[in-house]
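Biologist: Could you walk me through this model, one feature at a time?

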Amino acid sequence: QIWRGAKSGDNRFVPLFFGYFVIPFRNETTFSNDTSGLPDWQKEQEYPRNEEEAFSAPKATCFFDREAISAMFKECREPIREKGRVRIYKEHVSDRKYVFAIDPSEGRDDPCAGVIADWQTEEDVSCFGGKMSLDEQAKIAYELYQEYNEPYIAVERNAGGLTLVEKLINMGVKNWYYCHKDKPGWWTQTSNRPVMLNEL
């Protein structure tokens, strides 16, 4: 693929991108004719007009509004400090309450993610993520749990998450969200996944 926006590498080749309109006679009218009746994903896949359409996930296959996500990225800020896989956006305050949500993984194919938010303002104050073992996830989560005043913690119980829950309990984590009276953490299943996604 030839892409204009990239920088030249050590091999001194400069990538270039040629979109739909690179051919002189093409315009919005020919684009409409050429793509008439095609679904959005196929238009972007086979007739990309710019680099964004060519290299990003098709709009039709993305659950969330991509334009809204792009707008949110503009509001993102850099962490005030990082330590390993942890990013700190606001230091803990001794009299504040926090919540801690963790989407664990078994560390092989997909990354885990954990976010701590201020209970009152709902502002994210710290996070961690990446492909790592459950032992490393437990170590990081427990350290953040201690640092942020033992926040109300919710770990997804699916798959390896149950193992992470057990590890954290053994390490001394006590302030749990319970999906059932004897089951700390939450289940993601067909009945609640659509609700969570739609609320997001």
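This is a predicted model: local features need pLDDT of at least 70, side-chain atom pairs count only at pLDDT 80 or more; totals for chains, interfaces and linings use all residues.

Biologist: Which residues touch the most other members of the largest nonpolar core?

Modeller: A nonpolar core is a set of buried Ala, Val, Leu, Ile, Met, Phe, Trp, Tyr and Cys residues joined through side-chain atoms within 4.5 Å. Buried means under 20% relative accessible area, exposed is over 50%, and partly exposed is in between, with a 1.4 Å probe and protein chains only. Here the largest core has 25 residues, and F100, I102, F128, L144, I153, V155 and L168 touch the most other members. Elements giving two or more residues to this core include β3 (98-103), β5 (124-130), α5 (134-147) and β6; helices (H or I, at least four residues) and strands (E, at least two) are DSSP runs numbered from the N terminus. The largest share, seven residues, comes from α5.

Biologist: What does V155 touch, beyond its neighbours within four places in sequence?

Modeller: Contact means heavy atoms within 4.5 Å. On that basis V155 meets I102, P104, G161, L164, V165, L168, W176, G185 and W186.

Biologist: And where is E156 found?

Modeller: E156 sits in the loop between β6 (152-155) and α6 (161-171). This residue is buried but has no salt bridge, and R193, the nearest side chain of opposite charge, is 6.2 Å away. For charges, Lys and Arg count as positive and Asp and Glu as negative, with His and the chain ends not counted. The E156 side chain does have a polar contact of 2.6 Å with that of T188. Such a contact is a pair of N or O atoms within 3.5 Å; within protein, one must be able to donate a hydrogen and the other to accept it, and residues adjacent in sequence count only if both atoms are side-chain atoms.

Biologist: How many salt bridges does the rule give?

Modeller: A salt bridge is a side-chain nitrogen of Lys or Arg within 4 Å of a carboxyl oxygen of Asp or Glu. The count comes to nine. One of them pairs E123 with K90 at 3.0 Å, N to O. That pair links distant parts of the chain, 33 residues apart: E123 lies in the loop between β4 and β5, and K90 in the loop between β2 and β3.

Biologist: Is D118 buried or exposed?

Modeller: D118 is buried, at 7% relative accessible area, whereas its salt-bridge partner R96 is partly exposed at 27%.

Biologist: How many disulfides does the structure hold?

Modeller: A disulfide is a pair of cysteine sulfur atoms within 2.5 Å. The structure holds zero. The sulfur of C76 is 10 Å from the closest cysteine sulfur, in C127, which is too far for a bond. C112 is in no disulfide either, with the C127 sulfur, the nearest, 11 Å away. C76 counts as exposed at 54% relative accessibility, while C112 counts as buried at 4%.

Technical notes: Residues are numbered from 1 along each chain as its sequence is written. Side-chain values use heavy atoms; hydrogens and water are left out.
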